[in-house]
Amino acid sequence: MNKAKQILFASLIAVSTIATANVSTEMRQMGRNVNGLLRADSVDSFQQSATEFLVAAKKAQETMPSSLDGDQEKFKGYQKGIQEVIDVVEQANQSAKDGKLDEAKTTVEKLNQLKKIYHSEYK
């Protein structure tokens with residue numbers, strides 16, 4: 001029985017570590033994509049970065065950061081914050097699709113403020 005508990009504990013730690021690593025990985029990817037959005041010189045390059053950003057953001061939204069220590073209420077707030085970020089990028093992407101690349105980049109600049117707010121709360 002003791003051996004089974006050790007194996008279970010080791011498995012839980014491994015899964016927890018993998019989930020945490022995924023959030024960190026996705027956050028780094030989102031940061032790289034923000035730079036791509038701001039530097040885009042065409043609608044196509046903007047949309048490519050936006051698509052990559054949204055994939056990473058949606059993955060991050062599904063995984064609880066270890067900093068929340070399993071707190072479901074905080075996780076709901078975290079998910080709401082990520083959704084706000086997703087909404088900004090979707091809005092910017094629509095502006096780009098409408099041929100308003102400069103407006104799209106201005107919209108993306110809102111992400112820096114959201115990052116400050118949510119990183120201080122959930123990092």
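Select glutamate 84 first: leaving aside residues up to four places away in sequence, it touches Leu114 and Tyr118 (contact means heavy atoms within 4.5 Å). This is a predicted model, in which local features need pLDDT of at least 70, side-chain atom pairs count only at pLDDT 80 or more, and totals for chains, interfaces and linings use all residues. Residues are numbered from 1 along each chain as its sequence is written, and side-chain values use heavy atoms, with hydrogens and water left out.

Is glutamate 84 buried, partly exposed or exposed? Its relative accessible area is 33%, so glutamate 84 is partly exposed (buried is under 20%, exposed over 50%, partly exposed in between, with a 1.4 Å probe and protein chains only).

Glutamate 84 sits in helix 3 (helices are DSSP runs of H or I, at least four residues, numbered from the N terminus). Select residues 72–97 to show all of helix 3. Just after helix 3, glycine 99 has a positive phi of about 85 degrees.

Next, select helix 4 (residues 101–108) and helix 5 (residues 110–122). Thr106, Thr107 and Val108 in helix 4 meet Lys110, Leu111 and Asn112 in helix 5.

Definitions and conventions. Axes are lines fitted to C-alpha atoms, for helices over the stretch in contact, and angles run from 0 to 180 degrees between N-to-C directions. Helices (H or I, at least four residues) and strands (E, at least two) are DSSP runs, numbered from the N terminus. The expected span of a helix is 1.5 Å times one less than its number of residues.
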